[in-house]
Amino acid sequence: MSTVLSPQDTLIAAMMLMSAADRDMADSELRVIGMTVDLLPVFSGYDRDRIGRVSQTVVDLLQNEDGLETLIGLIRQGTPEPLRETVYAVACDVAAADGEVQQEEARLLEMIRHSLRVDRLAAAAIERGAKARHTKAP
C-alpha cells in the first residue's frame with residue numbers, strides 16, 4: 001500500500017487508529033467499523049479488500065517511533081475539506097462504541113480534531129451525537 005490514502009482510506013485509518021488507541025480492539029468497535037463501511041454513502045463502491053491493507057498500514061505505522069504523527073498527517077493529507085467532520089465523526093463513533101471514552105481515546109480525538117481543523121463547536125455536537133448513538137438502555 002502506498003503512503004497516499006484515498007478519502008475512504010482516511011476514514012478507515014481514523015477508525016482503526018481509534019480502535020487501537022487503548023490497545024484493545026474491542027468487538028464493539030470492530031462492529032461499528034463494519035457497519036460504518038456498510039451504511040455510509042461515502043463508501044459506495046469502495047473496495048472492501050482495501051480495509052485489510054489500510055489496517056495493516058495503521059499497525060505498521062504505529063510500530064514506529066513517530067508513527068502516530070505520520071498517520072495523523074496521512075489522514076489529514078488524504079481528507080478533502082468536505083469529509084473532515086465525517087472523519088472526526090466516525091472516529092468518535094468508534095471511541096464511543098464500547099460505552100466509554102478512555103483517556104487515550106479522548107487525547108487522540110483531540111489530536112485528530114486539531115489536525116483536521118474541525119471547529120470546536122462542531123466537534124462538541126459530533127461528540128454528543130456519538131455518545132447518544134452508543135448509549136445503552138438502563
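**Close-up views of a predicted model**

**Figure 1. Ser 28 in helix H2.** Ser 28 belongs to helix H2. The structure shown here and in the other views is a predicted model. With a relative accessible area of 17%, Ser 28 falls under the 20% cut-off and therefore counts as buried. Asp 98 lies 70 residues away from Ser 28 along the chain, yet the C-alpha atoms of these two residues are separated by 5.8 Å.

**Figure 2. Val 32 and Leu 39, two further residues of helix H2.** Val 32 lies in helix H2, and Leu 39 is found in the helix as well, which covers residues 27–39. Val 32 has a relative accessible area of 8% and is buried. Leu 39, at 68%, is exposed, since the cut-off for that class is over 50%. For Val 32 the view includes Glu 85, which is 53 residues away in sequence and 17 Å away in space, C-alpha to C-alpha. For Leu 39 the view includes Cys 92, at a separation of 53 residues in sequence and 16 Å between C-alpha atoms.

**Figure 3. The aromatic pair of Phe 43 and Tyr 46.** The count of aromatic pairs in the model comes to 1. The pair is formed by Phe 43 and Tyr 46, with ring centres 5.5 Å apart and an angle of 70° between the planes. An angle over 60 degrees counts as edge-to-face, so the pair of Phe 43 and Tyr 46 is placed in that class. Both Phe 43 and Tyr 46 are buried.

**Figure 4. Helix H3 and its buried side.** Helix H3 runs over residues 50–62. H3 has 13 residues, and the distance from its first C-alpha to its last is 18 Å, close to the 18 Å expected at 1.5 Å a residue. Its buried residues are Ile 51, Val 54, Ser 55, Thr 57, Val 58 and Leu 61. These residues lie on the same side of H3, because they cover an arc of only 155° around the axis. An α-helix has 3.6 residues a turn, so residues three or four places apart point the same way.

**Figure 5. Helix H6 and its buried side.** Helix H6 covers residues 103–116. H6 has 14 residues and reaches 20 Å from first C-alpha to last, close to the 20 Å expected at 1.5 Å a residue. Buried in H6 are Glu 105, Leu 108, Leu 109, Ile 112, Arg 113, Ser 115 and Leu 116. Their arc around the axis is only 165°, which puts them on the same side of H6. Gln 103, also in helix H6, is exposed at 70% relative accessibility. Gln 103 and Ala 21 are 82 residues apart in sequence, with 9.4 Å between their C-alpha atoms.

**Figure 6. Arg 117 in the loop between H6 and H7.** Arg 117 is located in the loop that joins these two helices. Its phi is near 60°, a positive value in a residue other than glycine. Most residues other than glycine have a negative phi. Arg 117 counts as exposed, at 64% relative accessibility.

**Figure 7. The largest pocket.** The space in the largest pocket is about 300 Å³. Its lining is made up of 16 residues, and those nearest the centre are Leu 17, Ala 20, Ala 21, Arg 23 and Leu 62. Helices H1 (7–20), H3 (50–62) and H6 (103–116) each supply at least two residues of this lining. By class, the lining of the largest pocket has 11 nonpolar, 2 polar and 3 charged residues.

**Figure 8. The second largest pocket.** About 190 Å³ of space lies in the second largest pocket. Of its 14 lining residues, Ala 96, Val 101, Glu 127, Ala 130 and Lys 131 lie nearest the centre. Helix H5 (84–96) and helix H7 (120–133) each give at least two residues to the lining of this pocket. The largest share, 4 residues, comes from H7. The lining of the second largest pocket divides into 6 nonpolar, 3 polar and 5 charged residues.

Key: Residues are numbered from 1 along each chain as its sequence is written. This is a predicted model: local features need pLDDT of at least 70, side-chain atom pairs count only at pLDDT 80 or more; totals for chains, interfaces and linings use all residues. Side-chain values use heavy atoms; hydrogens and water are left out. On a 1 Å grid over the protein atoms alone, a cavity is a set of points where a 1.4 Å probe fits but cannot get out, and a pocket is an open set with protein on both sides within 12 Å along at least five of seven lines; lining residues have an atom within 4 Å of a point. Grid points are joined across faces, edges and corners, and a volume is the space filled by probe spheres set on the points. Ala, Val, Leu, Ile, Met, Phe, Trp, Tyr, Cys and Pro count as nonpolar, Asp, Glu, Lys and Arg as charged, and the others, Gly among them, as polar. Rings of Phe, Tyr and Trp (its six-membered ring) pair if their centres lie within 6.5 Å; planes under 30 degrees apart count as stacked, over 60 as edge-to-face and the rest as tilted. Buried means under 20% relative accessible area, exposed over 50%, partly exposed in between (1.4 Å probe, protein chains only). The expected span of a helix is 1.5 Å times one less than its number of residues. The arc is that of the directions from the helix axis to the C-beta atoms.
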